[in-house]
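I wanted to look up the packing first, then the charged pairs, then a bit of sheet.

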Amino acid sequence: MEPVLVSRLRRIRFGNYLYVLPVGLSGGFCLAWRDHVDMEPVSVSKNLISCLVFSNPVSSPWLLSAIYGPVRSLEKRNFWDNFHKEVDRFNGGWLVIGDFNGVLYREDRHGGREETSSSSHMINEVDNLGLVELPSQGLKYSWSNGRGASKEIKAKLDRGIANSNWWNLFPNADMKVIPQVSSDHSPVVLNSEGCLSFARRPFRFEAIWTRDRRSHWVVEHAWAKGFHPNPSTRLRRSLYHTRRGFSFWNKHQFGKVQM
């Protein structure tokens, strides 16, 4: 590992780390944690570093996977086709967080060409595993190509997704995307306690929406999108997509109602 990076990690009291070395100027990432955090390494690969977390909560270990998603289309397909194997040997809570190098929803990208079919492998695998995205606030997009005006491309590439067992441990968890400093990616902060610490205004359903016939379509689409064989996962996914759907519809079609 690069001595400079090790020195910087130790300077900010991150004495434990796992890493993947870059190839030339591409790839390479690191997962680091402090001494008071009880974590046990499980696996390290080019795109995923996984550890069991024992210290929060102590009675229920859960799997943390830090991701650096593949960039090339073929590598994306191969990675996501085998993604489920990471959790096959562990049936507890699972959180995947980091740079996915792809978007889950059309509104997660602004500018440039739409995502290619390679993103469908990621979307299908996330759906099949019943993983639900953590709600986020702050900046809408976590990455920018740094170009001005018509050439600028922004996207939400960094996120967290979790299974129902993890949500049962942290039902109020969310994330915050904060302004970038020296990278083309913005830092993403996970808060397991939820929106109270971030002072986020909670979502509220507006009764006036029901006067518009299109509101029923929003609900139908959200619950169809949230389908999953597991009932608790299906409910959580459907409610998540309903909140997201109404927020988008209210802003772009209904005429923004203050929520």
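Predicted model: local features only at pLDDT ≥ 70, side-chain atom pairs only at ≥ 80, totals over all residues.

The largest nonpolar core has 40 residues, and the members touching the most others are Leu-31, Leu-64, Phe-83, Leu-134 and Trp-166. I picked Phe-83 and skipped its neighbours within four places in sequence: the contacts are Leu-48, Trp-94, Val-96, Glu-125, Leu-129 and Leu-131. There is also a second, separate core of 5 residues, including Trp-143 and Ile-153.

Next, salt bridges: I got 8 in the structure. Glu-75 and Lys-46 pair at 3.4 Å, N to O. Glu-75 sits in helix α2, Lys-46 in the loop between β3 and β4, 29 residues apart. Buried or exposed, I asked of Lys-46? Lys-46 counts as exposed because its relative accessibility is 52%, over the 50% cut-off. Glu-75 is partly exposed at 31%.

Then I checked Arg-244 with Glu-107, closest N and O atoms 3.3 Å apart. Arg-244 is in helix α6 and Glu-107 in the loop between β6 and β7, so this pair ties together parts 137 residues apart in sequence. Arg-244 is buried at 17%, while Glu-107 is partly exposed at 24%.

Lys-156 bridges to Glu-133 at 2.7 Å, and both are buried.

I noted 2 bridges between β7 and β11, with Arg-109 opposite Ala-155.

Key
Residues numbered from 1 in each chain as written. Heavy atoms only, no water. Pairing = 2+ DSSP bridges. Helix = DSSP H or I, 4+ residues; strand = E, 2+ residues; numbered from the N terminus. Core = buried A, V, L, I, M, F, W, Y, C linked by side-chain atoms within 4.5 Å. Buried < 20%, exposed > 50% of the residue type's maximum accessible area, 1.4 Å probe, protein only. Contact = heavy atoms within 4.5 Å. Salt bridge = Lys/Arg side-chain N within 4 Å of Asp/Glu carboxyl O.
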